[in-house]
Amino acid sequence: MNPALDGVLVADLSGRMSGAWCSRLMADFGADVVAVEPPGGSKIRRLEPLDSEGRSVPAMYALANKRSVVVDPADGEQVALLQTLLERCDIVIEGDGDGALVHFGVDREALLGRAPQQVLVSLTAHGVTGGRAGRAGNDLTAWAYSGWASINGLADREPLKGSGWVASYLAGVAAYGAAVSALVYRDRGGEGQHVDVSETEALLEIFGPNLLSAAYGSGRTRRKSIDISGTFPVEVGDGHLSLTIARGERYRDALIAIGLVEEADDPKWAPLSARETPEFYALVQARLREMDRATLFESLSALRVSAGPVLRPDEVLENEQLGERGFWRQVEEWPDGPPFAGPPFLMEKTPARLRRRPPAPGEHTLDEVASGAEGTTS
Amino acid sequence: MSEWGPLAGIRVLAMTHAWLGTFCTELMALNGAEVIQVESRRRPDAWRGGYDGIYAGAVPPTPGLRPWNVRSLYNAANLNKQGITLDISQPEGREIFLHLASISDVVAENFSPRVMRNLGISYEDLTQVKPDLVMISLSAYGGSGPWRDRLGIGGTLEPSSGMSALLGYPGGPPLNSGQMLPDPVGGYYGFAAVVTALRHRERTGEGQHIDLSMQEANHTLIGDASLEYALTGNVRGPMGNRHTTFAPHGVYAARGHEQWVALAAETEEQWRALCEVARRPEWAADGRFADRASRKANEDELDALIGGWLAGQDRDDVVAALTVHGLPVAPVLDGDEVAADAVFRERGVIEPVTHPEAGTWPQAGIPYHYSRTPIQVTRPAPMLGEHSAEVFERYCGVTPERYAELEEKVITGGGPPPEWEPAPQVQS
């Protein structure tokens, strides 16, 4: 059983969470991924929280399954070795600033000229062309520029970005799809090419329905107040849960499931607009506070009413569904290490493997990776 | 067959609906694959909104306008596809479907596992007609496990994936994102999975089935939070716009209604530049903000000072000034502003798309810029059944007479089936 990306050599210079997640997926599906870091290590290693040994948890998540080399851009010998490594690569991923090829003294076009079979991915905040090329950007600015922050959060509060590095990881998934598409094209008799992916645009792409609704649909979406319409989780006895009780033909069943039997047949609540009022919200919310997430989720699911319990990080780790699906994986070289999430799809012929523990910066030598030695993590 | 994009020559049969699967297959179409989207006349895509039309005012009144063809949600998520209608619960419809599957490289579906079992078009069934088929099933919780038949939509998967518990204001309740973010997250991952399988097929000739869980897809985007709990015992909660490491890092109100600035300072240089642009040398000299750790420890005070300064400033002037100094800074754009943004238009990611019934509107089109195989928007979202006759004739040899028979049997065609009656209008 060969991994899908068997034989693919990847160098990731990006130093960004987006690039790191993109190359982490490549490693999971069998590519040999080398993280190229500046002296002192990539800046993602400085992201908190830290574990008891002072290691960055987000960096461990994104760097697992890879090798790491450190390259000093001021050292001509190291840069020459890096050039050798890059020319051997099937995929090279660069970022902005000190994660850009040019920071390491490598010219993008010249590299593509010397390695015409290569897929060279620029994964940056704003793309490599256009009026914002080269500008600083992060998750916060991606949520703001893409339009998503304007609809995230509550009506009477400030717009919200998504939590943590959601935009970066998402851009990493998007870039993975583009890079492997380009690899498919190459393997079918084409050549390599440059792929320009912007973190902001990866998020903007999925703002599309909102964009068109703002233009000619039901109007521009605004931030809302907490209600029962299915947009927000609501309070129940032991936490929060989302349910689509106000909507659709199932509202009667849902009302019966939560014990509001008489209300289910009251014509007062038949119009959708009546079920989107504070009065209906108060009625339902009072009942929901007396019930727990598991009971509600089970009884509503049985009636084909969509519902979902809010799970905290500790609860997700204990979740029966994720557990039975084999979603949590131990690193093969770190059997007593923590469980790692994902990837989120099961491929029957080319399953993912999580082989290497997250490397320390420069744990592997440039000589060994540039010469093509597979190497193992000690 | 398209002749552009890295997936030119790949044919996809899409039994996808709403947003999760349609976005996955839209990405294939945007990358040059030929995507044939299958719908049923008796139950068109939910994102068309049904036949009753709840879209008064959506587009200017037009003679012959059919509401199900002009819904903005559907038309935003199905670019570059051909649309056919086919009732595969009828033997003649199933026969056509199997033929189309036999000449396709990929079949994608996002029904619940229960529906696919009932339809009898499992991966095993389809490999009888196409042995090297790549098939992806996208569902709420995946095709196995105790929750496999539970319903889920974006608004209920965001909580159960663990995302909602981390989205919100510090100390506040868990929230969901503004619009069903979990669907396109699954769609992006589905596209990634399919091209991975295509790469394997190119090298080995072997197809395979992919089972994607939306719950899992969304959890990977916060997987560092579950790793944090496993390693440290800390249960992360909502942090608003704050960062685990840097301060300031927030969204602040500028002068005017709904004028917001998102800004962060991640380095000492950026922090000093912020103090300079704000003309607040006292901030730079304040011991509470002397370094990264102290700024993070005194974030409430810092946010109050920055908020006080920005309240009197013009949003775009501040963004321009801080950009010059290299800070990560952005205006919070709304939908209208995104559509009009000069940089997005310059890069071609926002471009006008003309739909025969809905008109011409700016849409989010291409997410990737390839140097050798550039991608493009060549078609608006299909109208219901728009390409049925054409596709059936080209690939199945269906004559116009035969097509008319199929239409009469409601196996294909466009618009509501004969027995359809408008829903009673409820006064609200």
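In what follows, Ala, Val, Leu, Ile, Met, Phe, Trp, Tyr, Cys and Pro count as nonpolar, Asp, Glu, Lys and Arg count as charged, and the others, Gly among them, count as polar. The model is a predicted one.

Rolling a probe the size of a water molecule over the atoms shows where empty space is left. Nine cavities of 30 Å³ or more are counted, and the largest cavity holds about 110 Å³ of space. Its lining consists of 13 residues; Lys161(A), Ser163(A), Gly164(A), Met239(B) and Arg242(B) are the ones nearest the centre of the largest cavity. Sorted by class, the lining of the largest cavity has three nonpolar, seven polar and three charged residues.

The open spaces include the second largest pocket, with a volume of about 770 Å³. A lining of 34 residues surrounds the second largest pocket, and nearest its centre are Arg16(A), Lys43(A), Gly137(A), Glu266(B) and Gln270(B). Two or more lining residues of this pocket come from each of helix 1 (17–28) of chain A, helix 10 (268–277) of chain B and helix 12 (292–297) of chain B. The lining of the second largest pocket divides into seven nonpolar, 14 polar and 13 charged residues.

Next comes the sheet. Strands of a sheet pair through backbone hydrogen bonds, either parallel or antiparallel. Here seven strands form an open sheet with mixed pairing, in the order 3(A)-2(A)-1(A)-4(A)-5(A)-6(A)-12(B). At the edges are strand 3 (67–70) of chain A and strand 12 (369–370) of chain B, each of which pairs on one side only.

Where in this sheet does strand 1 of chain A pair with strand 4 of chain A, and over how many bridges? Strand 1 (residues 9–12) of chain A runs parallel to strand 4 of chain A, and three bridges join the two. Val10(A) is opposite Ile91(A) of strand 4, Ala11(A) is opposite Val92(A) of strand 4, and Asp12(A) has Ile93(A) of strand 4 as its bridge partner. Strand 1 of chain A also pairs with strand 2 (residues 32–37) of chain A, in the parallel sense and over four bridges. In that pairing Ala11(A) stands opposite Val34(A) of strand 2. Helix 1 of chain A belongs with strands 1 and 2 of chain A, and together they make a right-handed β-α-β unit.

Strand 4 of chain A also pairs with strand 5 (residues 119–124) of chain A; these two run parallel and are joined by four bridges. Ile93(A) has Val121(A) of strand 5 as its bridge partner. A right-handed β-α-β unit is made here too, from strand 4, helix 4 (residues 108–114) and strand 5 of chain A.

The side chains of these strands can be read next. In a regular strand the side chains alternate between the two faces of the sheet. From strand 1 of chain A, Leu9(A) and Ala11(A) point one way and Val10(A) and Asp12(A) the other, and all are buried. From strand 4 (residues 91–94) of chain A, Ile91(A) and Ile93(A) point one way and Val92(A) and Glu94(A) the other, and all are buried.Chain B is divided into domain 1 (11–220 + 344–408) and domain 2 (259–333). The C-alpha centres of these two domains of chain B lie 43 Å apart.

Is Thr373(B) buried or exposed? Thr373(B) counts as buried because its relative accessibility is 5%, and buried means under 20%. Thr373(B) is in the loop between strand 12 and helix 17 (388–396) of chain B. The C-alpha atoms of Thr373(B) and Gly5(B) are separated by 4.6 Å, although the two residues are 368 residues apart along the chain.

Asn80(B) is in the loop between helix 2 (72–76) and strand 3 (82–85) of chain B. Asn80(B) is not a glycine, yet has a positive phi of about 70°. With 5% relative accessibility, Asn80(B) also counts as buried. In chain A, Arg304(A) is not a glycine either and has a positive phi of about 65°; Arg304(A) is in the loop between helix 13 (293–302) and strand 9 (307–309) of chain A.

Two peptide bonds remain. The bond from Glu48(A) to Pro49(A) is cis, with omega near 5°, and Pro49(A) is in the loop between strand 2 and helix 2 (57–63) of chain A. Ala247(B) and Pro248(B) are likewise joined by a cis peptide bond, with omega about 0°. Pro248(B) is in the loop between helix 9 (223–232) and strand 7 (249–253) of chain B.

Methods: Residues are numbered from 1 along each chain as its sequence is written. Chains are lettered from A and ligands numbered from 1 in the order in which they are written. This is a predicted model: local features need pLDDT of at least 70, side-chain atom pairs count only at pLDDT 80 or more; totals for chains, interfaces and linings use all residues. Side-chain values use heavy atoms; hydrogens and water are left out. Buried means under 20% relative accessible area, exposed over 50%, partly exposed in between (1.4 Å probe, protein chains only). Two strands pair if DSSP finds at least two bridges between them. A crossover is right-handed if, with the strands pointing away from the viewer, the path from the first strand over the helix to the second runs clockwise. On a 1 Å grid over the protein atoms alone, a cavity is a set of points where a 1.4 Å probe fits but cannot get out, and a pocket is an open set with protein on both sides within 12 Å along at least five of seven lines; lining residues have an atom within 4 Å of a point. Grid points are joined across faces, edges and corners, and a volume is the space filled by probe spheres set on the points. Domain bounds come from an automatic or database domain assignment.
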